[in-house]
Amino acid sequence: MPGSRILTGAVLAVAALAMAVLAAVPAITAPVRAADPLAIVTWNARQFDGTNHSGEAFRAFIGEADVVVLQEVPGEADLRAFMGEAGIGAWSFAISDFSRDDLDEWSSKLEVAILSPHRIGSVIEVDPWPYNDTEAMAAQDSDLPIPDFMPPDQRETIDGRGWLWAELPDLDLAVAAVHLKSSRGQTGRDDEENAFKREAVASALAVTIRDDALERAGWSYVVAGDFNVAPGDTGKVGVDLALRCPCNGACTRYDQTHALLGGGLVSGLAMRNLTLGLSSSYAPGGFVSSPIDNIYAMGPAFDRTRKLTVELGDHFGSDHFSIRAVVVSE
């Protein structure tokens with residue numbers, strides 16, 4: 001994966017999914033057997049510092065999840081403690097190393113993590129920040145692989161979190177966890193630079209997924225996390241990378257983050273947003289009635305969806321509601 005950094009493990013060979021054996025019934029009347037449901041959860045945990053972070057309640061909500069993506073995780077020790085409280089201490093997990101402890105304490109609490117009851121294979125982090133809190137990561141190339149089709153001023157945008165990529169070989173599934181740049185309540189021209197940072201990461205990730213899918217037929221892909229921009233926010237969301245806010249006057253449709261993953265701006269890629277139609281996922285309210293926490297998906301695991309169930313769960317003391325999507329395919 002261009003511009004990426006391997007944290008643990010080597011790139012694994014593609015493992016074929018086991019074929020379901022059809023019951024011995026007449027071929028004319030035999031129904032298509034449904035595959036096992038695939039359950040995906042995303043939640044911004046707000047550093048686990050809420051007053052209602054009940055591990056037992058969280059475990060009940062995620063149910064038989066196949067993958068859980070968390071944002072704003074303070075570190076591995078806190079993650080392990082929460083997993084123990086939730087009764088999933090034996091699950092596999094991967095956690096990012098985006099920290100900039102040399103600059104401020106706050107950013108060291110914004111790691112992302114991927115948890116699963118399935119075996120995690122290759123884990124890759126893409127981090128545009130030039131500094132890290134470990135020598136091993138600081139020695140690596142930290143450039144974000146922003147594609148050439150992005151406007152020149154945005155190809156210099158590296159001050160933001162990248163993504164954590166973890167592969168579940170038993171499911172032929174690659175999961176990317178993101179926590180994109182916050183708007184901090186800003187809109188229009190005041191938010192344009194934040195949008196540039198979101199778009200930079202989204203464009204690089206979109207191209208990475210497209211190119212990886214061309215190399216590995218049969219694999220599916222998920223991008224989940226806190227996008228900090230809602231797909232239903234018509235005042236922000238656009239489809240024109242060349243648009244720039246005027247120096248004076250109103251500015252709308254200046255954020256192409258969602259269009260880069262699901263709107264066809266990246267040739268050869270159009271992921272599906274499983275969370276479309278949900279109300280706001282920001283617990284205090286104040287945003288449009290559309291989720292800033294999203295789950296994008298593509299590949300064989302999602303191509304023949306027979307049933308999709310998506311729900312907002314509790315916020316468990318955080319400032320974001322949890323989201324659970326269950327896909328049942330033919």
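How many disulfides does the structure hold? The structure, which is a predicted model, holds one. A disulfide is a covalent bond between the sulfur atoms of two cysteines. Here the partners are Cys 245 and Cys 251, with their sulfur atoms 2.0 Å apart. The angle about the S-S bond is -70°, and the link of Cys 245 and Cys 251 is left-handed. Cys 245 is buried, at 7% relative accessibility, and Cys 251 is buried as well, at 11%.

Cys 247 is exposed, with a relative accessible area of 63%.

I turn now to a sheet. Six strands form an open sheet with mixed pairing, in the order β4-β5-β3-β2-β13-β12. The edges are β4, residues 92-95, and β12, residues 305-312; each has a single partner strand, so one side of each has no neighbour in the sheet. On average, neighbouring strands of this sheet are turned by 15° against each other, direction ignored. Helix α2, residues 76-85, packs on the sheet and touches β2, β3, β4 and β5. The direction of α2 makes about 150° with that of β4. Thr 309, for instance, has Val 326 in β13 as its bridge partner.

My last topic is charge. Side chains of opposite charge can pair when their charged atoms come close. The structure holds 11 salt bridges, and I shall describe some of them.

Within helix α2, Arg 80 and Glu 76 are four residues apart, about one turn of the helix. Their side chains meet in a salt bridge of 3.0 Å, N to O. Arg 80 is partly exposed at 48%, and Glu 76 is partly exposed at 38%.

Another salt bridge joins Arg 324 and Glu 311, whose closest N and O atoms are 3.8 Å apart. This pair links distant parts of the chain, with Arg 324 in β13 and Glu 311 in β12, 13 residues apart. Arg 324 is buried at 16%, whereas Glu 311 is partly exposed at 34%.

A network of salt bridges links Asp 191, Arg 198, Lys 236 and Asp 255.

Notes: Residues are numbered from 1 along each chain as its sequence is written. This is a predicted model: local features need pLDDT of at least 70, side-chain atom pairs count only at pLDDT 80 or more; totals for chains, interfaces and linings use all residues. Side-chain values use heavy atoms; hydrogens and water are left out. A disulfide is a pair of cysteine sulfur atoms within 2.5 Å. Buried means under 20% relative accessible area, exposed over 50%, partly exposed in between (1.4 Å probe, protein chains only). Two strands pair if DSSP finds at least two bridges between them. Helices (H or I, at least four residues) and strands (E, at least two) are DSSP runs, numbered from the N terminus. Axes are lines fitted to C-alpha atoms, for helices over the stretch in contact, and angles run from 0 to 180 degrees between N-to-C directions. Contact means heavy atoms within 4.5 Å. A salt bridge is a side-chain nitrogen of Lys or Arg within 4 Å of a carboxyl oxygen of Asp or Glu.
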